Amino acid sequence: MVGQSPPCESSSAVLLEPFVHQVGGHMSMMKYDEHTICKPLVSQELSFYESLPLAMRQFTPQYKGIVSVHLKKDSLGNVTLIASPSLDNATGDPAVTIWHKYTPQKRKGGNIPLCSLQTQCVPLSVLSSGPGKRLLRTDLQYRPDSLLEDANGNQPERKSYNPWGLHCHRQHLNRMSSKHNENKLHQFLLLENVVSKYSFPCILDLKMGTRQHGDDASEEKKARHIKKCEQSTSASLGVRICGMQVYQADTGHFLCKDKYYGRKLSPEGFRQTLRQFLCNGNHLRMDLLEPIILRLKALLSVIRKQSSYRFYSSSLLIIYDGQEPKENMAPLDNHLHFQKTNCTTSHGPHHSRVDIRMIDFAHTTFKGSKCNHTTYDGPDHGYIFGLENLIKILQNISEGK
């Protein structure tokens with residue numbers, strides 16, 4: 001149960017930091033330790049993880065328990081999130097190396113608070129120098145309020161982080177600090193960090209299915225989600241892009257796309273962006289296609305057997321390491337200049353490790369769920385439709401179509 005008094009500060013308290021590889025969604029994902037992330041607890045999502053069918057466990061992050069989180073403000077009004085490990089299944093000693101602070105500011109001509117994220121102690125590999133400097137580059141078209149600003153109202157350079165994750169973090173701290181005081185305890189889910197094993201995690205976040213609203217959605221929200229589906233590839237393909245980062249070996253940067261980009265794509269634009277996700281700036285990673293397709297087919301087989309499940313508004317992550325195996329690296333011709341959307345192909349002799357994971361189950365419903373609103377029969381055909389089209393498009397890319 002959620003309490004009203006914050007736990008005593010101790011050496012075991014964990015200072016949460018934004019998860020720098022969050023590419024989609026609207027709820028802030030926080031890094032708990034190197035192998036664990038956490039997110040605000042939603043009872044319907046917890047119910048899903050507690051009742052997870054055995055066959056689906058290989059396609060979802062490992063559920064690690066629940067942790068209590070509270071706000072902590074210093075004398076200057078800076079706010080941090082502190083997690084208090086109290087469960088046996090909370091994992092390991094976290095190595096907290098980055099502090100993100102929040103300072104309420106005022107917009108010119110308005111009273112809407114902005115977040116000023118001041119970074120101290122930053123030895124994280126993503127933000128430090130190293131091979132390729134692991135920098136993030138984005139050509140996202142953000143709305144005016146979607147980038148972080150410093151205390152002077154200046155926008156930071158878009159190169160040392162994935163902008164979307166910090167955008168979500170800023171909004172999350174805004175909501176928590178305006179609605180709750182320091183005595184309020186919040187429950188967060190602890191989940192496996194599925195990209196922790198990758199040096200340069202390339203991530204594609206796909207919103208699956210032809211329907212996105214949950215059974216508990218208001219009529220206004222239902223109409224809004226239906227419109228988004230109709231105006232995007234959700235209706236035509238059963239899948240749309242809602243976030244992406246892909247490592248570019250030719251520049252040493254990540255290329256990022258967000259959900260607003262994904263909503264505007266036509267079916268052909270979706271196909272081209274999928275191809276772009278498999279391109280490292282020099283060549284198309286043909287070695288990735290077969291293992292990705294095989295994993296998607298295995299997931300499809302599992303989903304077809306899950307009667308009563310509806311994965312409304314859930315996402316599917318496709319993950320691979322941008323650090324290409326040496327055996328697969330094609331020799332570069334100094335006279336050739338590759339376009340990001342028109343990579344040549346490289347056929348490596350070894351398959352690279354890929355991962356396919358389902359995430360975000362706040363609106364997932366199934367028979368027997370504690371939060372069940374409606375009982376459905378048979379499998380989720382909208383989700384299956386999306387998987388089938390995704391597999392078909394990847395097979396066409398593999399065949400050079």
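Analyst: Start with axes: they are lines fitted to C-alpha atoms, for helices over the stretch in contact, with angles from 0 to 180 degrees between N-to-C directions. The model is predicted; local features need pLDDT of at least 70, side-chain atom pairs 80 or more, while totals for chains, interfaces and linings use all residues. Numbering runs from 1 along each chain as its sequence is written, and side-chain values use heavy atoms, without hydrogens or water.

User: How do the axes of α6 and α8 cross?

Analyst: Helix α6 (residues 267–277) and α8 come within 11 Å, axis to axis, and cross at roughly 65 degrees. Phe270, Arg271, Leu274 and Arg275 of α6 meet Leu390, Ile393, Leu394 and Ile397 of α8; contact means heavy atoms within 4.5 Å.

User: What makes α7 roughly antiparallel to α8?

Analyst: The angle. The axes of α7 (residues 286–304) and α8 (residues 381–398) come within 10 Å and cross at roughly 160 degrees. Angles over 145 count as roughly antiparallel (under 35 roughly parallel, 65 to 115 roughly perpendicular, the rest oblique). Therefore α7 is roughly antiparallel to α8.

User: Why does Cys229 count as buried?

Analyst: Buried means under 20% relative accessible area (exposed is over 50%, partly exposed in between; 1.4 Å probe, protein chains only). Cys229 has 4% relative accessibility, so Cys229 counts as buried. Cys256, at 1%, is buried too.

Technical notes. Helix = DSSP H or I, 4+ residues; strand = E, 2+ residues; numbered from the N terminus.
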